[in-house]
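Let's take a walk through this chain, from the overall layout down to a couple of helix pairs. Have the viewer open and follow along.

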Amino acid sequence: MKTNVTMKSTDRKVFGITVRQETKNGFMSVTDLQQAYERARWQYGWSDRRVNHILSLDSAQEKIYHLLKERNLIKAEMSAFTELVENQGVVDVLKGLGVWKTTGRGANRNVVCDPYVWTLLAMELNPMLYAKVIIWLTDSLIFDRMDAGDKF
């Protein structure tokens, strides 16, 4: 696809927030994810939790490393990746690997990332969000497979 269309369909809603996804690279909006979390936080009385906090956790960094390694986006060993993150920061490392980007400024600022990293972040934010993401992904896979089978 030559142009980058941002998908905003109603089936992409999480706690009433439509999660935007770019068609060119599949990147999903971390900004929308954080907004969805904030909306649910006030509805359900959750504690304040930020994506930046998740990214700072050693356990999340280890999971991100394995996601990237499994997809051959990184060749380094875990110790080298950890050292790079300590020296440059996890966001800069992810940007350098081409799985994270920030566009716009001010109110138009949008942070997007690789859908695998987005899913990890969503699942780490809250157990209820974890359940929604699992069901969202699984249902989508099942229905897409059934649809593909019917069309075959």
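**A tour of the chain**

Start with burial: of the 152 residues in the chain, 36% are buried. Keep in mind that this is a predicted model.

Now the layout. You'll find seven helices and seven strands here.

Next, helix 1, which covers residues 30-44 and includes Arg 41. Is Arg 41 buried or exposed? Its relative accessibility is 14%, and because buried means under 20%, Arg 41 counts as buried. Leaving aside residues up to four places away in sequence, Arg 41 touches Trp 46, Ser 47 and Asp 48.

Helix 1 also has a partner elsewhere in the chain. Two packed helices are described by the angle between their axes and the distance between the axes. For helix 1 and helix 6 (residues 115-125), the axes come within 11 Å and cross at roughly 15°. Angles under 35 degrees count as roughly parallel, so helix 1 is roughly parallel to helix 6. The crossing of this pair is right-handed. On the helix 1 side, the contact involves Val 30, Leu 33 and Tyr 37, which meet Trp 118, Leu 121, Ala 122 and Leu 125 of helix 6. By class, that contact has seven nonpolar residues, with no polar and no charged ones.

The other pair to look at is helix 3 (residues 58-70) with helix 4 (residues 78-88), whose axes are 11 Å apart and pack at an angle of about 125°. That angle makes helix 3 oblique to helix 4. Which hand does the crossing of helix 3 and helix 4 have? It is right-handed. Helix 3 brings Gln 61, Glu 62, Ile 64, Tyr 65 and Leu 68 to the contact, while helix 4 supplies Met 78, Phe 81 and Val 85. Sorted by class, the residues in the contact of helix 3 with helix 4 are six nonpolar, one polar and one charged.

How values were computed:
Residues numbered from 1 in each chain as written. Predicted model: local features only at pLDDT ≥ 70, side-chain atom pairs only at ≥ 80, totals over all residues. Heavy atoms only, no water. Helix = DSSP H or I, 4+ residues; strand = E, 2+ residues; numbered from the N terminus. Buried < 20%, exposed > 50% of the residue type's maximum accessible area, 1.4 Å probe, protein only. Contact = heavy atoms within 4.5 Å. Axes fitted to C-alpha atoms, helices over the stretch in contact; angles between N-to-C directions. Parallel < 35°, antiparallel > 145°, perpendicular 65-115°, else oblique. Left-handed = near helix turned anticlockwise from the far one by under 90°. Nonpolar A, V, L, I, M, F, W, Y, C, P; charged D, E, K, R; others polar.
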